[in-house]
Structures are given as structure tokens and as C-alpha cells.
Amino acid sequence: MDHAPYAGFGTAEATNQRFKFLLGAGQTGLSCAFDLPTQMGYDSDHPRSEGEVGKVGVAIDSMADMRELLAGLPLDRVTTSMTINATAAILLLFYQLVAEENGVDSALLGGTIQNDILKEYVAGAPTSIPPAVDATGHRHVLLLRRALPAWNTISISGYHIREAGSTAVQEIAFTIANGIAYVEAALAAAWTSTPSPPGSASSGMPTTTSSRRWPSTGPPGGCGPRS
């Protein structure tokens, strides 16, 4: 996936205009921010949403909003990173349904949802789902994985943890531990979606990993795109 400018603000229509501007300038990947009510699962007219609607990302309350957000975008030719966690499965389903309405095969959709609820809990970020429940409940995501084979259903993230006050070592340790927890939960629930070679274990859960930006030489083994 291309390193796309992080975008998303105000209404779905306003963000759609920004996306079209970026694509017109040659960008081939999109990275979408959602406002706090959307991240928490609140509609824009909920009392707890007051003062936060469209402030740190785009407000998406319904399929109608997602239609406006994606209107006229070549979803079969761009990848989309969606920085969303507690409500990730819902937003991804909206994305898939809008694509299908426009005649785009789900198998052609590419992108990433962050969907790292444990990171949200550790870093004190907005979340409305207890991590113990979500870590063992990624079944919905694995089902989506079967329908969207080119989509990364979890992006295990570390830089939020560092920004919340951890050391560099703690940042990497928590990030790796969270990834292990997701894989173990998927294996325990027997929700595998891809066959494994003999003698190996696989969660069938495609992931990316993001941490703080490294020097130009990069860390040993590389690091996934920040999402």
C-alpha cells in the first residue's frame, strides 16, 4: 500500500472532495481518519458527540454517509487504510457494501483496517469494547477476510503506545504481545481461513505492523506502513 496522506475531516462529502484531489494529484492509496464519535460507535446527534463531530476525522453514521465518502472513487484500483478500531468491522462492511452497489467485486478491494483494540486499551485511546472480549471475538473480522481476500484485517500498531508514555523497548514489546494475543485468540477459536503447511500454525488473519518512524535505513526486517 502506498504511504497516503492521512485525511478525513468534517462531512463525508468534504472528505470525498479531498480524496478526489489527492487521486487527481497522482496518489494511488487513501488513508482515512474518523472522528471520535464514529470511533466510539456514537451517531453524530448523540449527546456525547457534542463538540466532537467531524473534528479529528470524518463523521460516518450510516451507509448513506459511506456512499458520500466513496462517491466516484475507483475502489477497484486504490487501496484504503482506515484508522478505526472498536467499530472497524462495521466501517469495513459499509465499505464493502458500497463497493458492491457500484459493481466492484469484493475480491478486488484492497486496504487495511487498524482494528487493534488492545493497543487502544493500552494507550488510553477511545474504545467502547472490553479488550478481553474483542481479543477472543475477532470472528467477524475473519469472516470478512474470507469475503475480502486482499484486505488486511488488522494493523498491529505501536506508535500510539510510545506517544502515551512508554519507552522504545516497551513500545515494541507491547506491540508484539498484542499481535501474539490476536493470533492465539484466533487459533483458540479455530477460525482459520487459510491452510497451514504441515507442522505449522496459522491464524489465517493477515496483519500489518506499524511503529514509530525509523531512520532511512529502517529496522532489521522492515516495518509495515504507519496507518
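Axes here are lines fitted to C-alpha atoms, for helices over the stretch in contact, and angles run from 0 to 180 degrees between N-to-C directions. In this predicted model, helix 3 (residues 63-70) and helix 4 (residues 88-101) pack at an angle of about 65 degrees, and their axes lie 9 Å apart. The crossing of these two helices, helix 3 and helix 4, is right-handed. Helix 3 contributes Met-63, Met-66, Arg-67 and Leu-70 to the contact, while helix 4 contributes Leu-91, Phe-94, Tyr-95, Leu-97, Val-98 and Glu-101. Sorted by class, this contact of helix 3 with helix 4 holds eight nonpolar residues and two charged residues, with no polar ones.

Helix 3 also packs against helix 1 (residues 12-24), and the two helix pairs are set out below.

| Helix pair | Angle | Axis distance |
|---|---|---|
| Helix 3 and helix 4 | about 65 degrees | 9 Å |
| Helix 1 and helix 3 | about 25 degrees | 7 Å |

Because angles under 35 degrees count as roughly parallel, helix 1 and helix 3 are therefore roughly parallel to each other. The crossing of helix 1 and helix 3 is right-handed. On the side of helix 1 the contact is made by Ala-12, Glu-13, Thr-15, Asn-16 and Phe-19, and on the side of helix 3 by Asp-65, Glu-68, Leu-69 and Leu-70. By class, the contact of helix 1 with helix 3 comprises four nonpolar, two polar and three charged residues.

Turning to the sheet, five strands form an open arrangement in the order 1-2-3-4-5, with parallel pairing. Strand 1 (6-7) and strand 5 (151-152) are the edge strands, each of them pairing on one side only. Strand 2 (residues 29-33) and strand 3 (residues 79-83) are joined by five bridges in the parallel sense, and Ser-31 has Ser-81 of strand 3 as its bridge partner. Helix 1 packs on the sheet, where helix 1 touches strand 1 and strand 2, and its direction makes about 155 degrees with that of strand 2. Helix 4 likewise packs on the sheet, touching strand 3, strand 4 (110-113) and strand 5, and the direction of helix 4 makes about 150 degrees with that of strand 3.

Side chains of opposite charge can pair when their charged atoms come close.

Key. Residues numbered from 1 in each chain as written. Predicted model: local features only at pLDDT ≥ 70, side-chain atom pairs only at ≥ 80, totals over all residues. Heavy atoms only, no water. Helix = DSSP H or I, 4+ residues; strand = E, 2+ residues; numbered from the N terminus. Left-handed = near helix turned anticlockwise from the far one by under 90°. Contact = heavy atoms within 4.5 Å. Nonpolar A, V, L, I, M, F, W, Y, C, P; charged D, E, K, R; others polar. Parallel < 35°, antiparallel > 145°, perpendicular 65-115°, else oblique. Pairing = 2+ DSSP bridges.
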